[in-house]
Amino acid sequence: MSHSTVPRSGAEADTPAKTPVASAGTPGARERRDPGKPDLRLRFRRDRALILMTLPAVVLLLVFNYLPVLGNVVAFQDYDPYISDNGIVSILHSPFVGLDNFQRIFEDPGFRNAVENTLVLFFLQLVLFFPVPVLLALLINSVVRPRVRAVAQAVLYLPHFFSWVLVIAVFQQMFGGAGMLSQLLRQHGYDGLDIMTDPHTFPFLVTAQSVWKDAGWGIIVFLAALASVPQDLYEAAAMDGAGRRRRMWHVTLPALRPVIALLLVLRVGDALTVGFEQILLQRDAVGPDAGEILDTFVWWNGVRNQDFGYAAAAGLIKGVVSIGLVLAANKVAHLMGEQGVYKK
């Protein structure tokens, strides 16, 4: 006899089944309100090891990245660090000037020149530098032999470990007034060529230096993305008659699109930072008209000229604009169907 045919007593038949109900304040109500979500104490106990591991990094981030942000108050002061040996006391006793530093900045032609040079370098590096790691990663990934692929990746990645002093010294020996290129031209009856001190070619020189030094670093990111592409997609495309170019266009590039969108958003947010040390080492060789960018402008006015409030105001403007660029670029990534830096 099945269970459904078993007769029940009269009391059981007349009494409706009751579902236990707990009050809103009882633990049972909280568990039913958030099923599957562990309590805060249970989550902390579960993730205690991970929290302890990340705690030093969080402390360093707070001390060296977020606490110094409070010092931007000097952008609204005529800050004098020599009032006291204590920096906090100097901030508290420096006169408040309101928006005077910002007014000076927008009236300063040197600041406009620095912004213009920064944007020129950014657009050149975005067009000439950003696609290079993608193309090199596709080229290395197409190499069949693993040993050749590893050697090529190591050779391209090696300049990333060089300091900017060494990179500029190498370019000086190659393209300077007494470099190999000038000597070769003189041996064949032509005039020498000094690219290192030419203001007109300086943006392209800086871009070439960045490509040589940091393209190998970007290759690693794109190769990691390519390694996650299932081989079944390539095999299916090959069975459908797709050649190497069509497989690259319809399989490889769509797999790289999220990574490209993410790095592009970060690159746009970093548009006003185009290499402080690299430019500072070559600024005097081409002059401030061609070699001044926002970072060197802040350094020159703050450290060299001791005008800390003025330099802080310029740095604050740069930070606010950079945040706006990140948000705008991330919005464009969302409209294109990509995640970007963060989800919607």
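Does R267 count as buried or exposed, and at what relative accessibility? Select R267 and have a look: at 15% relative accessibility this arginine counts as buried (buried is under 20% relative accessible area, exposed over 50%, partly exposed in between, with a 1.4 Å probe and protein chains only).

Before moving on, note that this is a predicted model, in which local features need pLDDT of at least 70 and side-chain atom pairs count only at pLDDT 80 or more, while totals for chains, interfaces and linings use all residues. Residues are numbered from 1 along each chain as its sequence is written, and side-chain values use heavy atoms, with hydrogens and water left out.

**Stop 1: around R267.** Color helix α14, residues 244-269, to see where R267 sits (helices are DSSP runs of H or I, at least four residues, numbered from the N terminus). Then show F122, Q125, L126, T273 and V274, which R267 contacts once its neighbours within four places in sequence are left aside (contact means heavy atoms within 4.5 Å).

**Stop 2: α8 against α12.** Select residues 131-141 for α8 and 202-227 for α12; their axes come within 8 Å and cross at roughly 55° (axes are lines fitted to C-alpha atoms, for helices over the stretch in contact, and angles run from 0 to 180 degrees between N-to-C directions). That makes α8 oblique to α12 (under 35 degrees is roughly parallel, over 145 roughly antiparallel, 65 to 115 roughly perpendicular, and the rest oblique). On the α8 side, pick out V132, P133, V134, L136, A137, L138, I140 and N141; on α12, V211, A215, G218, I219, F222, L223 and L226 make the contact. By class, this contact has 13 nonpolar, two polar and no charged residues (Ala, Val, Leu, Ile, Met, Phe, Trp, Tyr, Cys and Pro count as nonpolar, Asp, Glu, Lys and Arg as charged, and the others, Gly among them, as polar).

While α8 is on screen, click L139, which belongs to this helix. L139 is exposed, with a relative accessible area of 54%. Draw a C-alpha to C-alpha distance from L139 to R149: they are ten residues apart in sequence and 9.4 Å apart in space.

**Stop 3: α15 against α17.** Now select 276-286 and 294-304, where α15 and α17 pack at about 65° with axes 9 Å apart. These two helices are therefore roughly perpendicular to each other. Show F276, I279, L280 and R283 of α15 with D295, T296, W299 and W300 of α17 to see the contact.
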